[in-house]
Amino acid sequence: MPGLAPAPCGGRRKARPHMVMGPEPPAAAGSTLVADELPVESEVRAIEGRSLGRIAWNRLKRDRIAMAGGIIVIVLILVAIFAPVLVKLVAHPPNDFHDDLLDPNLGGLPKGRFGGISGSYLFGVQPVTGRDMFSQIVYGARVSLTVAFLAALVAVLIGSVLGVAAGYFGGWVDAAISRVMDLLLAFPQLLFAIALVSVLPQSLWGFGGTFLRMAVLVVVIGFFGWPYIGRIVRGQALSLREREFVEASRSLGARGGYILFRELLPNLVAPILVYTTLIIPTNILNEAALSFLGAGVKSPTPSWGRLMSDAVNYYQPDPTYMIVPGVAIFVTVMAFNLFGDGLRDALDPRAH
């Protein structure tokens, strides 16, 4: 047959049938469903991965030091909130005197070493009065944290509004607000607080005692603290007021108030939040300093600064009474600073 080579050994070679490539069989219904779902899941994950909040949280979780500081901050806040329950479980009421634990031959110092620390009195007892130091520290956390948080709230509210207004409007508004900031930054805060407390009446507008003292501390610390955050917000607003979304709002006829509170301030949440976590430890130190100088709350209300002030006369024979509130202030301020630094790095888009 023409076209075919002869088979060897006289045999006949069989022609191989041509293989026809037909269409591929359709995939099973289940496999088609999985294939259709995979791109959708990856797309959803990609969209979730672009969330700034999720990125910041992932960065913050990787910072172990910042997370440790945040855990300590949460524990301190819970201790302050549940102080009565905690004292009832492991300590004694903060204003109960325990004269039997004091040595009259040593001028009222606690019996035993290290301020009378024992299983019943975890931080020892206070000289002369014999009050439980653990209860004093726990209830003192209430005063310090309350003043610090409320003063930070006052400073953030005033500083954010005036700072964004100065940065957005510019001109004489910026000049006036900036000069007020410079004046307050140069004003002696501690001296003003001491002078104000010295002329403060026992009762004002129906309020008195510890509440009035704490209110004065909040107003003084918060009012003199807003220029710091005001400068930060002003600088950020200066760079944001020329952005496209602000120009788009102007072109649509939005007024200045709408742009300030609906466009600029929401984009300044990250620096405001970071500064708030950093100003709280500063407020704790300011409250402790004012209480140490006698411008804070008065006895028998516990306060870390007042405890250190009372310990001045006893730190040589027994420094425990000064070390305990000092360590409480140190740990609290350090925890807030570590958490604030980590939060700043997590919210910084330029961070690696």
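Guide: Contact here means heavy atoms within 4.5 Å. This is a predicted model, where local features need pLDDT of at least 70 and side-chain atom pairs pLDDT 80 or more, while totals for chains, interfaces and linings use all residues. Residues are numbered from 1 along each chain as written, and side-chain values use heavy atoms, without hydrogens or water.

Visitor: At what angle do helix 5 and helix 11 pack?

Guide: Helices are DSSP runs (H or I, at least four residues), numbered from the N terminus. Axes are lines fitted to C-alpha atoms over the stretch in contact, with angles from 0 to 180 degrees between N-to-C directions. For helix 5 (residues 133-169) and helix 11 (residues 256-264), the axes lie 11 Å apart and the angle is about 115°.

Visitor: How many nonpolar residues does that contact of helix 5 with helix 11 have?

Guide: Val161, Val164, Ala165, Tyr168 and Phe169 of helix 5 meet Gly256, Ile259, Leu260, Phe261 and Leu264 of helix 11. Ala, Val, Leu, Ile, Met, Phe, Trp, Tyr, Cys and Pro count as nonpolar, Asp, Glu, Lys and Arg as charged, and the others, Gly among them, as polar. The contact has no charged residues, one polar and nine nonpolar.

Visitor: How many residues apart in sequence are the parts tied together by aspartate 182 and arginine 231?

Guide: A salt bridge puts a side-chain nitrogen of Lys or Arg within 4 Å of a carboxyl oxygen of Asp or Glu. Aspartate 182 and arginine 231 form one, their closest N and O atoms 2.5 Å apart. Aspartate 182 sits in helix 6 and arginine 231 in helix 9, so the parts joined are separated in sequence by 49 residues.

Note on methods:
Helices (H or I, at least four residues) and strands (E, at least two) are DSSP runs, numbered from the N terminus.
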